Amino acid sequence: LSGGKPVDWPDWDAIEAVVRLEKYMGANDEFVALRSAVLAAGELELSSQTSRADIVWRFLVGFAERKPLYRSQLAQVINCLRKEKGWSASLEGLAPDLGARIEVLPDMLRDALGGGTATSSEATVPLPEADIVEEPHLETPAAELERAGDSSPSFRSLEDRLNSMLGCVSDLAGQDKSQEEELLNRRLEEAQREEEPTEAV
């Protein structure tokens, strides 16, 4: 309540002129006068001025667009006005005209003015997930042998390994062709014997 002292309301004609001419950059005095009156007024005094509500809401939104440094003071005024049913109903009625402008205001002011409902609902819509195709797992020949329980090397791999070893030995020791063949045959026989299964006793 105002404590019995009449509320010093701002010059409504001056506020209407600011809105009509969009002269918000020079409207600091009008906003300060409006804020002082709103904070000093009680519920009954606010309800007595609901006929000014439309022009005041337009003024506050336009002022908020151009004066972001005043956002905390603007939010304070808006919250006070929205507590009175007549002022709140007036703001809701202006939603078709002011809704798009309110949506781009700072979060503090958008929340105070009751905006942000459309954007928040759109943000919660899940996006479809892309189909994930798992590539087939390819096993190496060694892995296949190990999985089958046969970890012993094949006869062909032994032969290739012996040939490679003999080539290196021949280069180092200068062995002739017959010695290489004799050694190769002996190693092949040993490998074959190892490959043959032993008879059970």
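Colleague: Which hand does the crossing have where α4 passes α6?

Modeller: The crossing of α4 past α6 is right-handed. Keep in mind that this is a predicted model. The angle between α4 and α6 is about 65°, and their axes lie 9 Å apart.

Colleague: Which residues make the contact between α4 and α6?

Modeller: From α4 come A53, D54, V56 and W57. From α6 come W87, S90 and L91. Sorted by class, the contact has five nonpolar residues, one polar and one charged. Asp counts as charged, and D54 is on the α4 side.

Colleague: What makes S90 count as buried?

Modeller: First, its place: S90 is in helix α6. Its relative accessibility is 11%. Buried means under 20%, so S90 counts as buried at 11%. Beyond its neighbours within four places in sequence, S90 is in contact with A53, D54 and W57.

Colleague: How do you know that the span of α4 agrees with its number of residues?

Modeller: Helix α4 covers residues 53–66, which is 14 residues. At 1.5 Å a residue, α4 should span 20 Å. The end C-alpha atoms of α4 are 20 Å apart, so the two values agree.

Colleague: Which residues of α4 are buried, and what covers them?

Modeller: The buried ones are A53, V56, W57, F59, L60, V61, G62, F63 and A64. Their cover includes α1, α2, α5, α6, α7 and α8.

Colleague: Take L60. What makes L60 buried?

Modeller: L60 sits in helix α4. Its relative accessible area is 2%. The cut-off is under 20%, so L60 is buried at 2%. Setting aside residues up to four places away in sequence, L60 touches F31, L34, L74, V77, I78 and L81. L60 and F31 are 29 residues apart along the chain, while their C-alpha atoms are separated by 8.1 Å.

Colleague: Which residues touch the most other members in the largest nonpolar core?

Modeller: They are L34, W57, F59, L60, L81 and L113, in a core of 36 residues. At least two residues of this core come from each of α1, α2, α4, α5, α6, α7 and α8. The largest share is that of α4, with eight residues.

Colleague: What does F59 touch?

Modeller: Apart from residues up to four places away in sequence, F59 touches I15, V18, V19, Y24, A27, E30, F31 and L34.

Colleague: E30 is on that list. Why is E30 called partly exposed?

Modeller: E30 lies in helix α2. Its relative accessible area is 21%. Buried would need under 20%, and exposed over 50%. At 21%, E30 is therefore partly exposed. Not counting residues up to four places away, E30 touches A14, I15, V18 and F59. E30 and V18 are 12 residues apart in sequence, and 8.8 Å apart from C-alpha to C-alpha.

Colleague: Now the loops. Is E22 buried or exposed?

Modeller: E22 is in the loop between α1 and α2. Its relative accessible area is 53%. Exposed means over 50%, so E22 is exposed at 53%. The phi of E22 is near 55°, a positive value in a residue other than glycine.

Colleague: And why does Q49 count as buried?

Modeller: Q49 lies in the loop between α3 and α4. Its relative accessibility is 14%. That is under 20%, so Q49 counts as buried. Beyond four places in sequence, Q49 is in contact with W9, W12 and W87.

Colleague: Last, the whole chain. How many helices and strands are there?

Modeller: The protein chain has 12 helices and zero strands. Of its 201 residues, 28% count as buried. Among contacts with a separation of 6 or more, 73% join residues 24 or more positions apart.

How values were computed
Residues numbered from 1 in each chain as written. Predicted model: local features only at pLDDT ≥ 70, side-chain atom pairs only at ≥ 80, totals over all residues. Heavy atoms only, no water. Helix = DSSP H or I, 4+ residues; strand = E, 2+ residues; numbered from the N terminus. Expected span 1.5 Å × (residues − 1). Buried < 20%, exposed > 50% of the residue type's maximum accessible area, 1.4 Å probe, protein only. Contact = heavy atoms within 4.5 Å. Core = buried A, V, L, I, M, F, W, Y, C linked by side-chain atoms within 4.5 Å. Axes fitted to C-alpha atoms, helices over the stretch in contact; angles between N-to-C directions. Left-handed = near helix turned anticlockwise from the far one by under 90°.
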